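Welcome! Take a look at the chain below, and then let us work through some exercises together, one step at a time.

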Amino acid sequence: NNQDSIALEIIDSIHIKYRTDVDVRRLADTLRWDIEYRHAVTTLPQVDSALALLQERMPQLTKPFRFIKNDEYQSVGSFEHYKLRTENNTGRCYLKPSVDEQGKFSITSNYIGKKADHTMVRISVDSVSVETLVAPSSNISQFVDVDTYHEIIVFDKELLNGIDAFIANNSESRIKVSLVGDGQPYHYYLTPTEREILAQSYELAIALADLNRLTDQQLRLSQKIELLKIRLNK
């Protein structure tokens, strides 16, 4: 009756009830394969369509970025925004987003000034704030250059704790950045350009993650259909 969810539950119970009846269990397997085949054949065109639409958007999404990859020691490249290149911002405090080609998003907090020992970043819009988790020491770099103190902290996706989405969703608002740790807290505001860059980076990260997910799903469905064709003698 095309009630596939119920049918799959019944098929599972058949394998339990008729453990030693090979013929019955083979029939149950055939019924499961038929359901899985119909689902895969129905789902694949939907995935193909979503993937095609996303691929059409990618040139526009990646336009503000340059792609960086050294094939000698990197297996995965990353995207850097043209307006926020590291070499042009060495003398100030700022947040730098990074997106790799798999859609993994991170933010690096660059601080210059008196020693702050910051391990967290708090983002505030009016009275609402979101903060990262505490960064482990392995993600923190501190050094002195010509009597100037530098702190560089990388907040991976797992440490961001939602500040990436919070910034993107409030990119039209005034956003305050607070560096928090063992030292005196340090505060500054993102410029309109920085808010735009972070929002564009977040959007690109989501699109790249979807692109990788859909590409993988497309391959798996194609392989599944071919395998089930063989099993069902189609």
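**Exercise 1. Find how many salt bridges the whole structure has, and follow some of them.**

Step 1. A search of the whole structure turns up 15 salt bridges; the term stands for a side-chain nitrogen of Lys or Arg within 4 Å of a carboxyl oxygen of Asp or Glu. Before going on, please note that this is a predicted model, in which local features need pLDDT of at least 70 and side-chain atom pairs count only at pLDDT 80 or more, while totals for chains, interfaces and linings use all residues. Residues are numbered from 1 along each chain as its sequence is written, and side-chain values use heavy atoms, with hydrogens and water left out.

Step 2. Start with Arg-92 and Glu-194, whose side chains meet in a salt bridge at 2.8 Å, N to O. Arg-92 lies in the loop between S2 and S3 and Glu-194 in helix H5, so this pair ties together parts that are 102 residues apart in sequence. (Helices, H or I with at least four residues, and strands, E with at least two, are DSSP runs numbered from the N terminus.)

Step 3. Now check accessibility: buried means under 20% relative accessible area, exposed over 50%, and partly exposed in between, with a 1.4 Å probe and protein chains only. Arg-92 has 31% and therefore counts as partly exposed, whereas Glu-194 has 4% and counts as buried.

Step 4. Move along to Asp-216 and Arg-220, a salt bridge whose closest N and O atoms are 2.8 Å apart. Both residues lie in helix H5, four residues apart, which is about one turn of the helix. Asp-216 is partly exposed at 37%, and Arg-220 is exposed at 54%.

Step 5. Finish with Glu-226 and Lys-229, where the closest N and O atoms of the salt bridge are 3.7 Å apart. Because they are three residues apart in helix H5, about one helical turn separates Glu-226 and Lys-229.

**Exercise 2. Work out in which order the six strands of the open sheet are arranged.**

Step 1. The order is S1-S2-S3-S4-S8-S7, with antiparallel pairing; two strands pair if DSSP finds at least two bridges between them. S1 and S7 are the edge strands, as each pairs on one side only.

Step 2. Ignoring direction, neighbouring strands of this sheet are turned by 25° against each other on average. Here axes are lines fitted to C-alpha atoms, for helices over the stretch in contact, and angles run from 0 to 180 degrees between N-to-C directions.

Step 3. Look at the pairs themselves. Strand S3 (residues 94-100) and S4 are joined in the antiparallel sense by six bridges, and Ser-98 stands opposite Ser-106 in S4. Six bridges also join the antiparallel strands S7 (residues 140-145) and S8 (residues 148-155), with Ile-153 in S8 as the bridge partner of Ile-140. The hairpin of S7 and S8 has two residues between the strands, and Val-146 there takes a positive phi near 55°.

**Exercise 3. Count the aromatic pairs and describe two of them.**

Step 1. Rings of Phe, Tyr and Trp (its six-membered ring) pair if their centres lie within 6.5 Å; planes under 30 degrees apart count as stacked, over 60 as edge-to-face and the rest as tilted. The count by this rule is four aromatic pairs.

Step 2. The rings of Phe-67 and Phe-79 have centres 5.0 Å apart and planes at 50°, so this pair is tilted. Phe-67 is in strand S1 (residues 65-68) and Phe-79 in strand S2 (residues 78-81), twelve residues apart. Phe-67 is partly exposed at 43%, while Phe-79 is buried at 12%.

Step 3. For Phe-105 and Tyr-202, the centres are 6.2 Å apart and the planes are at 90°, so the pair is edge-to-face. Phe-105 lies in strand S4 (residues 105-113) and Tyr-202 in helix H5 (residues 192-232), so parts 97 residues apart in sequence are tied together. Phe-105 is buried at 5%, and Tyr-202 is buried at 18%.
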